[in-house]
Amino acid sequence: METPIKTSGASPYRWLQGILLDWDRTQLLVSFAVLVLIALTPLFIKSPYYMGIVILTTLYIFTGISWNIVAGFSGQLLIAHISFLAFGAYTTIVLYNTYGVTPWIGIFVGGFVAALLGSVVAFITLRYGLKMDYFALFTIALMVALKTLFLKWDFVGGAIGMGLSLSEPGFGKMIFDSKVPYLYIALGLTCIGILIQYRIYHSKMGKYFMAIREDEAAAAALGVNTSLYNTLALVIGAAMAGVGGGFYVMYVTYVEPPQVFDLGLNVEIMMAAPIIGGLGSLAGPVLGGILNKPLAELIRGALSGGRSGSTLIVYGSFLILAILFMPRGVTGVLHGFYLKWRRRITGANQED
Amino acid sequence: MNFEIFMQTIVNGLFTGSIYALVAIGLTLIYGVMIILNFAHGEFLMLGMYISYWAFTLLGLDPYLTIPISALLVFALGALIQRGLVQRVLDSHPLNQIILLLGVSTLMIGLVQFFWTAEPKSIHVAYETAVLTGPWGLRFSIPRTVAFFSAMISSLILYLFLQKTRTGAAIRAVSQNRNGALLMGIDVSFIYKLTFGLGVAVTAVGGSLLTPNYRMIPTVGQPFAVTAFVVVVLGTMGNFIGAFLGGLIIGVVEAFAGFYLGGDVKIIASMLVFILILLFKPSGLFGKKKGI
């Protein structure tokens, strides 16, 4: 959206003004600024423990974006999004362990397999008209059923799960001595994720997603193919979650059914970042993401030295507090300040 | 499968099903009155179990004597959660409601794990392995028989309360038409607190009834909650009788699935039932009758 501004000629700051006067581009700028800051952390952080937190923070931004597209943009009550991450994780590790396929290909195959599961879920739920509460129940029920199946399926390790067959570190195997390369891979994924999210937000498809979120019946009445766009949102979100899962398993080096088919991890890895940051907004997963894992670790440490259960207490409280006091998240709060600031700069009284 | 095993499987199914029925009645009551799916439902069952465990260990009470304690405590907690949290999101987007209740669920699991650790806990009583032998060599485990009849009686009391008392009539009125009830002078926000409290208390009773022979971990409620979701869809969301019968049906279905497929994959059978209902009769067994 172009805004008439009181500038004269070709100021060197003009492009910056062009960005700052548009809320969506400002969000994009903020997102990349955060990523640059994360990219600089290896200069200051030497401890592998803190580096691990930074890596997971970055990954959670990426997985948060994948859920934000489905739940935030198209408004689907997809609760157990983690099933897609699990599919990506299992695909990647099976391809690597059993067939020796490099994870660089494996994680994208994982994304593809997760997208297939996503299209199956979309097909079943749309075919049988499962909406809202029924859809939410279906996704949870599917997660429980998949957990039972994976526990019984010996090819993927059954109840024991699968550990990465560790060998000599190497770039082609995505196994490294130091944690820093993992950080840059996660950052690369997150960069792509942010760009995809921005492109979708500004495309016709994104507008259809949001029309469906606001009122599905009205969108259908206006000629939006709601089945197609619900499916697309789900498949895109699932594919990204699958890729995230592939990276996740390469980083944590093992996967087992109770760990990945779990609503607790789902809250931590998928939901917390977009909800704290502002569900449905562009900067939400990023701003929520940088608060999510570090804050949780901090509080967990303060609560009697990381006793079991404290992570869950922290995340449970996050969700409750966010919904009650900040339903539009950190981005929503910042947007308020931003509008005031822009009004002062432009002297115009307009809303986004 | 001969006749004895067939009958035994049905008995076992009904015994488990009676607990499903209690949990599902709680869920359907809350849904019927507030049109909100309680995603923290399983955690109230878990809490019921841990309260019984706590009363048994600290006060030395028999698990069955702890039922009133767990019902009362969970009732109060439920009313508080309704007043402080759920009430504020009743008019929000369903996603906000689900996220809030998931937050409550995560918080409750976390707190229990924090204070009681994730180690499996169990209660040992003298009668835990006692068995009655009935006709055709049927075997009735004493704790499960007691649980079955207690669940039946609890359901009946709740049903009579809803049907025969003025307060029960008010709950049913709110579930049929909230605005109409408001115009008739019914204190709707009180009814909401009462309903949420009752819904989770009856679930906690289910949990306490399980304690004498069921190992508890902080996430013990989740499979029960998932099954209860299947049950309320089967028995029409918001229908009391539907939830009761649906619970018994799913219990028997799972018992047969457990016999043929092995105990730990029986949840697949519930899922299959779930998908079949959604396919052929998404409105459930009891159609579109409105209200509890």
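Q: A residue is buried if 20 or more other C-beta atoms, placed from the backbone, lie within 10 Å of its own, exposed if 12 or fewer, and partly exposed in between. With that in hand, why is B:Thr236 called buried?
A: B:Thr236 has 24 other C-beta atoms within 10 Å, so it counts as buried. This is a predicted model, where local features need pLDDT of at least 70, side-chain atom pairs count only at pLDDT 80 or more, and totals for chains, interfaces and linings use all residues. Residues are numbered from 1 along each chain as its sequence is written, while chains are lettered from A and ligands numbered from 1 in the order in which they are written.

Q: What makes the phi of B:Thr236 worth a look?
A: Phi is near 70° there, a positive value in a residue other than glycine. Most residues other than glycine have a negative phi. B:Thr236 sits in the loop between helix 9 and helix 10 of chain B (helices are DSSP runs of H or I, at least four residues, and strands are runs of E, at least two, numbered from the N terminus).

Q: Why is A:Thr253 called partly exposed?
A: Its 13 C-beta neighbours inside 10 Å put A:Thr253 in the partly exposed class. A:Thr253 is in the loop between helix 10 (226–252) and strand 2 (254–255) of chain A, and its phi, near 65°, is positive too.

Q: Why does B:Thr219 count as buried?
A: B:Thr219 has 20 C-beta neighbours inside 10 Å, so it is buried. You'll find B:Thr219 in the loop between helix 8 (188–210) and helix 9 (221–234) of chain B. Its C-alpha is 8.3 Å from that of B:Gly42, 177 residues apart along the chain.

Q: What makes B:Phe259 partly exposed?
A: There are 17 other C-beta atoms within 10 Å of B:Phe259, hence the label partly exposed. B:Phe259 belongs to helix 10 (residues 240–261) of chain B. B:Phe259 and B:Met1 are 258 residues apart along the chain, yet 9.5 Å separates their C-alpha atoms.

Q: How do you know that chains A and B touch?
A: 35 residues of chain A are in contact with 35 residues of chain B (contact means C-beta atoms, placed from the backbone, within 7 Å). Helix 6 (132–152), helix 12 (263–277) and helix 14 (310–325) of chain A each give two or more residues to that side.

Q: What makes A:Ala141 stand out in the largest nonpolar core?
A: Of the 209 residues in this core, A:Ala141 and A:Leu319 touch the most other members (a nonpolar core is a set of buried Ala, Val, Leu, Ile, Met, Phe, Trp, Tyr and Cys residues joined through C-beta atoms within 7 Å). Beyond its neighbours within four places in sequence, A:Ala141 is in contact with B:Val226, B:Phe229, B:Val230, B:Met271 and B:Phe274.

Note on methods: Two residues are in contact if their C-beta atoms, placed from the backbone, lie within 7 Å.
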